[in-house]
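Subject: Structure for you to look at

Dear colleague,

I am passing on the structure below, and after it you will find notes on what turned up. Please read them with the structure open beside you.

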Amino acid sequence: MSLENLNDLKFFINLVDAGGITAAASRFGVSAPSVSRRLSKIEERLGITLITRNTRHFRLSSAGQSYYDDGGILLAGIEKLETDIVSSEKQIKGSLSIGAPLELGRNKLAPFIANFIKKYPNIQVNLAVASEGSYNFDDYLDIIVRIGLPKSSSAIVTKIASTLRVLCASPDYIRIHKEPELPENLQNHPCLCLRRYKTMEPMNQWLLENNEKSYIIKVEPKLSSTNAEIVHDWALSGNGIAYKLFWDIQENLDKGKLIRILPDYRGEIIYLYAVLPSKAYVKKSVRVFLEELKKFAKKNMDFDP
């Protein structure tokens, strides 16, 4: 049954329950002729007379009585199904432990989780945040949200969102130092870089491309940290140019606290993954969390320049 047909059925049952076209029009907040026209359209679609009506009578035909009786059973079943599904979701219980990068965890996942537990009040969620790459399943986590694919080939991986790295700096920095006009000009600016956790390798080769050319610019870090949030704060304070994930700086860009540098150039495409340990059984709370997270990420995190 199409949505239009289902709405017609609901309309017809409410019309019969109202006891007449005039009473139904009052209940629906529309004119009596509009109610009559819609009833006629339903009868025309079905090819039968549902209600015998004139100025004195409003009586169901035998077909109309069946449509009313069986349709009521159908609608009651749909309503029960929806109630059972909602009730079932609310009965999902248990705890979830989520590991995530610090900046992403605080700015995106924490607000998402706050809304998630309103919908699923019987799930307890623990959010652990640390530098990117510092978590593994020895930390007793159900899900690790991470940037890039894991090294383990046995893990269960779900892609959550994609974004770009973009260049940014504060208005004060641009006022003093001016914007670079070309990618190679970045080498003449103080740059703010991430370092990989444990190895301390600087992430200082910045990909920039447009429809005509692609550059990989190796910059010399003026300041660097293993913590993306610290790099973010340095950029806000006017200490240099950062190469940041768009979803991390979107709010500051919107508020004018940061300005995108070389906006005609795209940075590296980055994918966000949810990683589960290699287990045959994935508990229902994990499946529900991932389904909700993917919907949230599609609306709030995916970026297409």
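D8, R38 and R45 are joined to one another in a network of salt bridges, a salt bridge being a side-chain nitrogen of Lys or Arg within 4 Å of a carboxyl oxygen of Asp or Glu. By this rule, the count for the structure comes to 11 salt bridges.

Before going further, please note that this is a predicted model, in which local features need pLDDT of at least 70 and side-chain atom pairs count only at pLDDT 80 or more, while totals for chains, interfaces and linings use all residues. Residues are numbered from 1 along each chain as its sequence is written, and side-chain values use heavy atoms, with hydrogens and water left out.

Among the salt bridges is one between the side chains of E103 and K244, with 2.7 Å from N to O. This pair links distant parts of the chain, since E103 belongs to helix α5 (residues 102-119) and K244 to strand β11 (residues 241-245), 141 residues apart; helices (H or I, at least four residues) and strands (E, at least two) are DSSP runs, numbered from the N terminus. E103 counts as buried because its relative accessibility is 3%, and K244 is buried too, with a relative accessible area of 4%; here buried means under 20% relative accessible area, exposed over 50%, and partly exposed in between (1.4 Å probe, protein chains only).

Another salt bridge joins E229 to R106, and the closest N and O atoms of the pair are 2.5 Å apart. E229 lies in helix α7 (residues 228-236) and R106 in helix α5, so the pair ties together parts that are 123 residues apart in sequence. E229 counts as buried at 10% relative accessibility, whereas R106 is exposed, with a relative accessible area of 52%.

E292 and K119 also form a salt bridge, in which the closest N and O atoms are 2.9 Å apart. Because E292 is in helix α9 (residues 284-300) and K119 in helix α5, this pair ties together parts that are 173 residues apart in sequence. E292 counts as buried at 14% relative accessibility, while K119 is partly exposed, at 35% relative accessible area.

As for the cysteines, the structure holds 0 disulfides, a disulfide being a pair of cysteine sulfur atoms within 2.5 Å. C191 is in no disulfide, and the nearest cysteine sulfur, that of C193, is 6.0 Å away. C191 counts as buried at 0% relative accessibility, and C193 counts as buried at 1%.
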